[in-house]
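Please keep the sequence and the model at hand while working through them.

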There are 2 protein chains.
Amino acid sequence: MEFRVFFPPASSSSSPSPVPALIYLSGLTCTPANASEKAGAARMAAAVGLALVFPDTSPRGLGIPGEDDAYDLGTGAGFYVDATAEPWIQKNENGQVAGYRMFSYVTTDLIEALRALNIDTARLAITGHSMGGHGALIAGLKRPDLFHSISAFSPIAAPTRCPWGVKAFSSYLGEGDKAAWAAWDACELIKKYTGPARAILVDVGGDDEFAGEQLRVRDLRDAVKENENSPVSVNLRTHEGYDHSYFFIATLVDDHVRFHACALGLVEEEGGTE
Amino acid sequence: MEFRVFFPPASSSSSPSPVPALIYLSGLTCTPANASEKAGAARMAAAVGLALVFPDTSPRGLGIPGEDDAYDLGTGAGFYVDATAEPWIQKNENGQVAGYRMFSYVTTDLIEALRALNIDTARLAITGHSMGGHGALIAGLKRPDLFHSISAFSPIAAPTRCPWGVKAFSSYLGEGDKAAWAAWDACELIKKYTGPARAILVDVGGDDEFAGEQLRVRDLRDAVKENENSPVSVNLRTHEGYDHSYFFIATLVDDHVRFHACALGLVEEEGGTE
């Protein structure tokens, strides 16, 4: 698994003080290149002293039948879940499970690798775009011990109720156990969330071509209402004139980096480093 | 020929006031996508009220033999010259010359197209990267009436004396008339320049893998010295730790946009919009 890291000035894998980090999960078809080259997040991350981590979106080259047949399943489309259905997981001779286990990768293997790079893994935040927005939401909601703040750009907010999500979950989790799907759906997680308070920042473009059928971002606010005294709130902002592209992300990325820097105590709520 | 335009807020092709523009010429292999998606120039351009224009790097699909055989000749590698040698130009039945004429394209056809988009073509500046840095330098030096300021990232500064340039000029301009090459070499143009004063901003990475053999940026300062009372000066800055990539451009792009905004009278030299 490849990933990219941006270290803010005066921090690096060999500097004395571990540096906090924002993990950015990318969308369908992406590699670590897309966001690290096109989101423009490094400028603000440098200003606030935050590292940026760009993981890949799936395992690659496992040789699983069909892994390269569609843009929205298999390679580049891991959906940040731990698959439970064949052929996406396989047991080796020792009974260990391997394959499409992106949730475990992001929340364990990747964290170990970051610690070795002198990232302060006690100060992590998570964000993402589209499929990666879904990934950020579920990772943050399932592991509040690991991620201190959560945001998302144009997330697939209700994967159990949209075509992309239904296709992916049917394959990775199997059609037989739809109850298990809820564990990987941000809205379902919000309804039952009992962890520490989280104010989630979600931005979406008013002209996002996927907003209606695929993203369903308003479902997040409905889910909050279903959780009495919800520790989760969702600041959902629709930006007219913007689509699903990286131009949208680049326009809003400073806000998200500062949002996480505030949550991690790197800058004050108002004013700050600029 | 395709190109992309970023309009600053409150300006567009249908707004009442024409908006000044910075033309960005890209390097080898690029399309209008690379810089518009990866340079991160829009943020500052929005702040100072400058449009950004991203032309292509060559004609495409002309069917010229060999046009797709190499990354550094033909498609994606027009070098911003007007070819004079076959097969890169051809005369039609009316005696009109067509083909690889990127200089004419950038300085005439493109300008006409921009005027139709409500760009103020009396307030233009030009920059570029690598091959496009070369293009910006020669376009600015040959057409000071058109471009009020010039900058470049990691330019091919002396194409008549580097492998990329010699290969391209041999093909586009012919090996027989090397005297004609000087008209397309920034250093040769600086030596003989007699136009209005120009202070050119040039940034290059200290770890640029092409700096030594291909770019020869220091030759620009030598050329200034050979022009007695030169109206041209070159502010050449080497940034240690940076290579030839768009990460370098994204780091310095705010400086370049502000530099051109100052030259066009959009912001004050010090302070300004931020």
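Each exercise that follows gives a task and then a solution in steps.

This is a predicted model, in which local features need pLDDT of at least 70 and side-chain atom pairs count only at pLDDT 80 or more, while totals for chains, interfaces and linings use all residues. Residues are numbered from 1 along each chain as its sequence is written, chains are lettered from A and ligands numbered from 1 in the order in which they are written, and side-chain values use heavy atoms, with hydrogens and water left out.

**Exercise 1. Overall form of chain A**

Task: Describe chain A by its secondary structure, its radius of gyration and its burial.

Solution. Begin with the secondary structure: chain A holds 9 helices and 9 strands, where helices (H or I, at least four residues) and strands (E, at least two) are DSSP runs numbered from the N terminus. Next, take the radius of gyration over C-alpha atoms and apply the globule rule, 2.2 Å times the number of residues to the power 0.38. For 274 residues a compact globule would come near 19 Å, and the 18 Å of chain A agrees with this. The C-alpha trace of chain A spans about 50 × 40 × 35 Å along its principal axes. Finally, 55% of the 274 residues in chain A are buried, a term that means under 20% relative accessible area, with exposed over 50% and partly exposed in between (1.4 Å probe, protein chains only).

**Exercise 2. Aromatic pairs at W88**

Task: Classify the ring pair of A:W88 and A:Y100, then that of B:W88 and B:Y172.

Solution. A:W88 lies in the loop between β3 (51-55) and β4 (89-91) of chain A, and A:Y100 in the loop between β5 (97-99) and α3 (102-116), so the pair ties together parts that are 12 residues apart in sequence. A:W88 is buried at 4% relative accessibility, and A:Y100 is buried at 1%.

In chain B, the pair of B:W88 and B:Y172 is edge-to-face as well, with 5.2 Å from centre to centre and 80° between the planes. Since B:W88 lies in the loop between β3 (51-55) and β4 (89-91) of chain B and B:Y172 in helix α5 (residues 163-172), this pair ties together parts that are 84 residues apart in sequence. Both B:W88 and B:Y172 are buried.

**Exercise 3. Backbone details**

Task: Locate the cis peptide bond in each chain, and state whether A:Y80 and B:T29 are buried or partly exposed.

Solution. The bond from A:E86 to A:P87 is cis, with omega near 0°, and the bond from B:E86 to B:P87 is cis, with omega near 5°. A:P87 lies in the loop between β3 and β4 of chain A, and B:P87 in the loop between β3 and β4 of chain B. A:Y80 has a positive phi of about 60° although it is not a glycine; this residue is found in the loop between β3 and β4 of chain A, and is buried, with a relative accessible area of 2%. B:T29, also not a glycine, has a positive phi near 80°. B:T29 lies in the loop between β2 (19-25) and α1 (32-38) of chain B, and counts as partly exposed at 49% relative accessibility.

How values were computed: Rings of Phe, Tyr and Trp (its six-membered ring) pair if their centres lie within 6.5 Å; planes under 30 degrees apart count as stacked, over 60 as edge-to-face and the rest as tilted.
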